[in-house]
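Welcome! Keep the sequence and the 3D view open as you read.

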Amino acid sequence: MPMKTVIIFDFQNHGRSTRRLPQGIISKRSLSFWSLILGISLNVGGLNLAVSSPIRGWLSWRGPQQNGCSLEKGLPDKLNGKDALWVADFPGQSTPVIANGRLYIMGYLGEGADMQEGVACFDAETGKKLWQRLYNDFLSDTVYQRYATSSATVDPETGNVFMQGTQGILAAFDPDGKLLWLHSLMEEFGRLTFPNSRTASPVIDQDLVITRGITANWGAQGPAADRFYAFDKKTGELVWASSPGDRPKDNSYSHPYLGWLGGKRVFYSATGDGSVVCVNARTGDPLWRVTLFKAGINATVLVHNNDKLIAVYGTPYEPGEMVALKITDVTPPNPAAGPVVLERSKVQLWSANLSTSSSSPILAGDTVYLVNEQGDLCAVDVNTGNIAWRLKLGVEERNACPLFADGKVYVPMLDDPATKSETGAAGTTGAFYIIKPSAQPEILTHIPLDGRCFGSPSAYNGKVYVQTTRHLYCFGRKGDNPGVPPEPAPEKWPAPGSARSLQIIPSEVLLRPAQHVSFHARTLDANGFTVEDVKDITALKWASFIPPTARVKSTMKATFQPDGQLVAANETVPSAGAFEATMSDLKGYIRGRVLPYLPLHQDFEWMSLTETNSEGVNFAYPPLPWIGARFKFDVRDKDGSKVLAKNHGQPFLPARDCFPRRSGREELYDRGGRHE
C-alpha cells in the first residue's frame with residue numbers, strides 16, 4: 001500500500017504563539033500579550049503629551065529636504081572628546097530623529113538570546129530616556145550584532161513614531177510610546193532577512209507610511225522580490241503592495257525619495273535587483289526601471305532640479321559608479337504591464353568613478369558629497385559629474401552618510417585611523433569629523449568616538465547627534481538655537497480628476513474560520529489621487545476573481561454579506577484568492593487567505609500533478625495560502641504517494657532547509673522553527 005505523507009503543524013509544541021487581527025494588526029486587547037512575548041516596555045518619563053502644536057524637527061533619516069542637508073545655522077564646528085552635552089548607553093547603527101524636543105532612535109540592548117532591538121525616546125536637550133519599546137529577534141539571520149540599521153520616522157501631522165526592526169516588526173507609537181498598531185512582516189508577508197541585516201526606514205507621505213523589504217509571500221507575490229508596502233498610518237491597514245524590480249540579487253535599504261512626475265505623486269528608489277525605479281506613491285503602480293548593477297543597490301538616490309536622479313552603487317568586491325540619470329516621464333500601458341524598462345545608455349547624463357556599497361550621497365546646492373568605499377570624502381559637481389576634490393578620512397566606510405549643515409560637512413567614519421595607528425586595534429573606535437568644504441577642504445574637528453560609526457548624524461536646534469555601536473552622543477550648545485530655519489511650506493497637491501478606479505482598504509486580509517472583516521473604499525483618478533471616499537460600502541458589488549495570469553486557480557472560502565463584511569467559511573480547510581469590487585464602471589481588488597486554527601493537518605493526495613518541470617517531472621504547486629512555498633517546494637509522486645519536495649528552483653532563498661528522516665519522509669523546516 002502506498003505510504004501517505006502528511007505534515008503536521010503545531011506551533012504550540014515549539015513554545016511559540018502569535019495573535020493577530022484578521023489583517024494582522026495588533027489590537028489593544030492583545031498589547032499585553034505582545035509585550036510579554038516579543039518585548040518589554042519602559043516608561044520612565046511619565047509624560048502624556050497631546051499633539052496640539054506643529055511637529056517641528058528633523059523628522060526622518062534624510063531630513064526635511066530628503067537629501068541629508070540642513071538649512072540650520074549656528075551649529076558646532078570645533079569639538080574635542082569632552083565636548084559632548086550628553087552621552088547615552090544605547091548602541092546601534094541608526095540616525096536620530098528629533099520632534100518637539102524629543103529624540104527617537106533605533107538601538108539594541110542585551111546579548112545573545114536576551115538581546116532586544118527597538119526604538120527609544122530621549123529628551124533631546126538632556127539625554128534622559130523617556131521610554132523604549134524593544135522586541136526580541138525571534139526570526140532572522142542577523143549576525144555580528146548588525147542590529148538597528150534602520151531609523152525611526154516621525155509623522156509631521158500627528159507626531160506618531162514609526163519603526164521597522166531587523167526581525168520584521170513594523171510598528172506605530174504615539175509620542176509617549178503607546179503602541180497604536182503592529183505588523184510582523186515576516187509572518188504576514190514573508191519578509192526575508194539576510195546576514196547583513198540592512199533594514200529599511202519607513203517614510204511618511206500624507207496618510208501613508210511606506211516601507212520595503214525582500215518578501216516571498218503567496219500567489220502573485222510568491223516569488224521573492226524587493227517589494228514596497230504602503231499602510232494607512234493611523235490604522236495600520238495595508239493599502240497597496242508593489243513589486244517594481246526584477247528578481248533580486250540582494251536586499252536593499254535604499255530610502256524612497258518622494259517627488260512629482262507627470263502630475264503623479266511618485267517615489268524613486270534603488271532596489272535589490274540592481275535597478276533604480278520610479279513608482280506611483282498613491283497606488284504602488286511601477287512606472288519605470290533602469291538597470292544599473294549586477295548586485296543590489298543600498299545607497300539612497302538624490303533628485304536635483306526635478307530633472308535628474310543621482311545614484312551610486314558598488315560592493316566591497318565589485319567596484320561601481322556614481323551616475324546621473326535623466327528623469328523620464330513614461331507610463332506603462334496599464335498597471336498589469338509592469339514598469340517600462342529604460343535603457344541606461346539613453347537616460348544616463350554622466351558617470352563618475354566613485355563606488356560605495358551602503359553609504360548614501362547627500363546634496364547641498366549643486367554639490368554631491370559622498371564618502372566612498374575607500375574612506376574618501378568626495379565633492380562632485382551634480383551637473384557634470386566632475387570630482388572637485390577628495391579628502392582621505394579613513395580606510396573604509398560602511399552605512400554611515402555625511403550631513404551638510406551650516407556650511408560644514410559632518411562625517412562619521414567606521415573606524416578611527418588615528419586610534420588604529422596608535423594602538424593597532426580595529427573595530428572598537430569610530431571617528432567623527434567636521435569639514436569645511438572648499439577647493440582645499442579643511443578639517444575643523446577630528447575626534448574618536450567609543451564604538452564604530454555605522455549611523456548617520458542629524459542636527460537640530462544647535463545640536464548634532466550621532467550613534468555608535470556603544471553610545472548615543474549629543475554635541476552642541478544648551479538651550480534653543482536662533483539659527484533654526486523656519487519649517488518648509490506644505491507641498492501643494494493637485495486637485496483630483498474624475499474617478500477611474502476603486503481602492504479597497506485593506507487590500508489584503510488574513511482570516512480564521514468564521515472570522516469577518518470590514519472594508520472601506522475610495523475612488524481614485526487616473527493619477528491615483530483620491531477623488532472621494534465611498535460613503536456607502538454596500539454599494540460595492542463583489543465577486544470572486546481569478547487573475548488571468550494565475551498559475552494556481554483558487555478562490556478564498558469566504559462570502560460578502562449585505563452589510564459589506566467579508567465572512568470566512570467555518571471550515572478547517574485553508575484557502576486563498578481574490579475578490580473584485582465594482583461600483584458603476586469602477587473596479588477595485590482585494591486578496592486574502594483563510595487559515596484554520598492550530599494544530600493544522602495537511603496532506604497532498606487531493607492535488608493533481610498538472611505541471612511539468614524542465615526535467616520532465618510532473619508536479620503541482622504547493623497550496624496557495626502558504627507563504628513563500630511556491631518557489632522552494634512542489635508536490636510530486638514518490639512511491640505512489642504525493643509528497644512535498646524541495647525543488648531548489650530559487651537559490652536566492654537559502655534560509656529554508658530540508659531535513660530527511662529515517663522513515664524516508666521529508667519534514668520541512670525554516671530556521672525560525674516554523675513548519676511548512
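Rings of Phe, Tyr and Trp (its six-membered ring) pair if their centres lie within 6.5 Å; planes under 30 degrees apart count as stacked, over 60 as edge-to-face and the rest as tilted. One aromatic cluster is formed by F162, W181, F189, Y229 and F231. This is a predicted model, in which local features need pLDDT of at least 70 and side-chain atom pairs count only at pLDDT 80 or more, while totals for chains, interfaces and linings use all residues. Residues are numbered from 1 along each chain as its sequence is written, and side-chain values use heavy atoms, with hydrogens and water left out.

**Aromatic pairs**

- The structure holds 29 aromatic pairs. The rings of W260 and W493 are edge-to-face, because their centres are 5.0 Å apart and their planes stand at 80°.
- W260 lies in strand β18 (residues 257–261) and W493 in the loop between β37 (472–476) and β38 (501–505), so this pair ties together parts that are 233 residues apart in sequence. Strands (E, at least two residues) and helices (H or I, at least four) are DSSP runs, numbered from the N terminus.
- W260 is partly exposed, with a relative accessible area of 28%, and W493 is also partly exposed, at 23%. Here buried means under 20% relative accessible area, exposed means over 50%, and partly exposed lies in between (1.4 Å probe, protein chains only).
- Y369 and F404 form a stacked pair, with 5.7 Å from centre to centre and 15° between the planes. Y369 belongs to strand β28 (residues 367–371) and F404 to strand β31 (residues 403–405), so the pair ties together parts that are 35 residues apart in sequence.
- Are Y369 and F404 buried or exposed? Both Y369 and F404 are buried.

**Charges over rings**

- A charge sits over a ring if NZ of Lys or CZ of Arg is within 6 Å of the ring centre and within 35 degrees of the ring normal.
- R62 lies over the face of W61, at 5.2 Å from the ring centre.
- R591 lies over the face of W218, at 3.8 Å from the ring centre.

**Salt bridges**

- The structure holds 29 salt bridges, each being a side-chain nitrogen of Lys or Arg within 4 Å of a carboxyl oxygen of Asp or Glu.
- R212 and D226 meet through their side chains in a salt bridge (2.5 Å, N to O). R212 sits in strand β15 (residues 208–215) and D226 in strand β16 (residues 225–232), 14 residues apart, and both R212 and D226 are buried.
- K392 forms a salt bridge with D376, where the closest N and O atoms are 3.4 Å apart. K392 is exposed, with a relative accessible area of 52%, whereas D376 is buried, at 12%.
- Which residues are linked in a network of salt bridges? D205, D207, R265, R282, E491 and R522 are linked in this way.

**A sheet to look for**

- An open sheet of 3 strands runs in the order β40-β45-β44, with antiparallel pairing. Two strands pair if DSSP finds at least two bridges between them.
- The edge strands are β40 (516–517) and β44 (558–560), each pairing on one side only.
- β40 pairs with strand β45 (residues 566–568) in the antiparallel sense over 2 bridges, and H516 stands opposite V567 in β45.
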